[in-house]
Amino acid sequence: MLVAGAGLGTGILTLPYAISRIGVYGTLAAALFAYASSLIIYYMIADLALHSNNGQLLEILQQHLFRGKHKKLLTTIFFFVLAAILLENLVVYILCASDVITDLSGIGLNISKIIFYAFASVVVFLGIKAIGRGERAGMYFTAGAVFLLLFLSFFHMKNQLDFSFGRPSLVLAVYGLFMFAFSAIFSIVQVCNYIGDKSAVKAVVRNGLFINMVLTLIFGAVTILASDEVTDIATIGLSNSLPYYFVKVICSVFVVVSMLTSYWSIGLAFVDVIKEYFRTGRRISWLISTVPTIVIVLVLPLSVMEYVQLIAGGLSVMLGLLVIPAYRNAVKDSSRTLLLGKYAKSKILLGVAIVCVLLMAGSSFIPVR
């Protein structure tokens, strides 16, 4: 559930708009390619974590990549890149949730941002037990809401699915957005810290990403079929198109719950990173991690889609320039069985992973309009 829910929230809400610009075949190609790419990369990250002492990504990279006289400088640079990516993630969750809270209740957008931030950040403050209970309940609700909307859409279809491929550049952009929707780097590390068995970790990664992909594709199809207009945040257009008021309520709660589970997961990782880097207490680390997110959303005017594509680009830099070389260093002399089997140390496979990351980076510059 942690792997499935890590990127599901924002991905499931923003991808319908993007896939409505291409056809079914292009969408399936982008989704399956992103799924395969993510499996390869996340198996590498899992093996990297399993070959390290328990810790977050910053500490793992210090063990396997940041060495020599420039270790401190490299660690500092990576910390700020990582912090920027984590902040952008949290900002997106506030933006998505506040849009639908305002749409449902009519209260001011800035007030909605503050309300969501207050509730989300308090649960992060309470710690992993509270987050764990919330993640489980949130995933059950998300799955239930998707299948309920699928059922209702059968009675109010306004469009047909376009069985074509679409413009290749847009398919590449959708691939990058699916990669973002599957983003679970920090959840993979958390899973490895709690589960030592390789076969269990492999199943967790494979099944978590698969649940994410299936729910996202189903919801994307529902949105396209039943919406008068597919909006940037899909539930807004869908709820305005289905003639039931309770659908608008369900869609709004669905968005808020999805954003909460994602905020909790990333917020927890961010608190741990701050705590490791600055050696501060949990309360101070929580303040440093969460307060800037509400300041950013109240000051900077970027749209949700622009933030999502910026994060996708940032993730690709982190994966390509840091995680993959660290993985190679961690496993090159290992005699243990690795998750990618006999191909785990292959230069060809490493090259494939780097190409996937570069494609993700390039996709972040393609406007989805």
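Which residues of α7 are buried? They are Leu 170, Val 171, Ala 173, Val 174, Tyr 175, Gly 176, Leu 177, Phe 178, Met 179, Phe 180 and Ala 181, where buried means under 20% relative accessible area, exposed means over 50%, and partly exposed lies in between (1.4 Å probe, protein chains only). Before going on, please keep in mind that this is a predicted model, in which local features need pLDDT of at least 70 and side-chain atom pairs count only at pLDDT 80 or more, while totals for chains, interfaces and linings use all residues. Residues are numbered from 1 along each chain as its sequence is written, and side-chain values use heavy atoms, with hydrogens and water left out.

Let us stay with α7 for a moment. Helices (H or I, at least four residues) and strands (E, at least two) are DSSP runs, numbered from the N terminus. Helix α7 covers residues 168-181, and its 14 residues reach 20 Å from the first C-alpha to the last, close to the 20 Å expected; the expected span is 1.5 Å times one less than the number of residues. Because 11 of its 14 residues are buried, α7 is largely enclosed by the rest of the structure. Helix α2 (residues 24-50) can be read in a similar way: its 27 residues should span 39 Å at 1.5 Å a residue, and the end C-alpha atoms are 38 Å apart, which agrees. Of those 27 residues, 21 are buried, leaving α2 mostly covered.

The crossing of α5 past α11 is right-handed: a crossing is left-handed if the near helix is turned anticlockwise from the far one by less than a right angle, and right-handed if clockwise. Contact means heavy atoms within 4.5 Å, and the residues that meet include Phe 116, Tyr 117 and Phe 119 in α5 and Val 256, Met 259 and Leu 260 in α11.

Helix α5 also packs against α6 (residues 128-153), at an angle of about 125° and with the axes 5 Å apart. This pair is oblique as well, and the contact is made by Val 123, Val 124 and Leu 126 of α5 and Ile 128, Ala 130 and Ile 131 of α6. Within α5 you will also find Ser 112, which is buried at a relative accessible area of 0%. Leaving aside residues up to four places away in sequence, Ser 112 touches Ser 98, Ile 101, Thr 102 and Ile 107.

Arg 279 sits in the loop between α11 and α12. Its phi is near 60°, a positive value in a residue other than glycine, and at 70% relative accessibility Arg 279 counts as exposed.

Two residues show links across the sequence. Phe 219, in helix α9 (residues 198-226), is buried at 0% relative accessibility. Phe 219 and Ala 145 are 74 residues apart in sequence and 9.6 Å apart in space, C-alpha to C-alpha. Not counting residues up to four places away in sequence, the contacts of Phe 219 include Ile 12, Leu 13, Pro 16 and Phe 254.

Finally, the cysteines. A disulfide is a covalent bond between the sulfur atoms of two cysteines. Counted as a pair of cysteine sulfur atoms within 2.5 Å, the number of disulfides is 0. The sulfur of Cys 96 is too far for a bond because the closest cysteine sulfur, in Cys 251, is 14 Å away. Cys 192 is in no disulfide either, with the nearest cysteine sulfur, that of Cys 356, 20 Å away. Cys 96 is buried at 0%, and Cys 192 counts as buried at 6% relative accessibility.

Key. Axes are lines fitted to C-alpha atoms, for helices over the stretch in contact, and angles run from 0 to 180 degrees between N-to-C directions. Angles under 35 degrees count as roughly parallel, over 145 as roughly antiparallel, 65 to 115 as roughly perpendicular and the rest as oblique.
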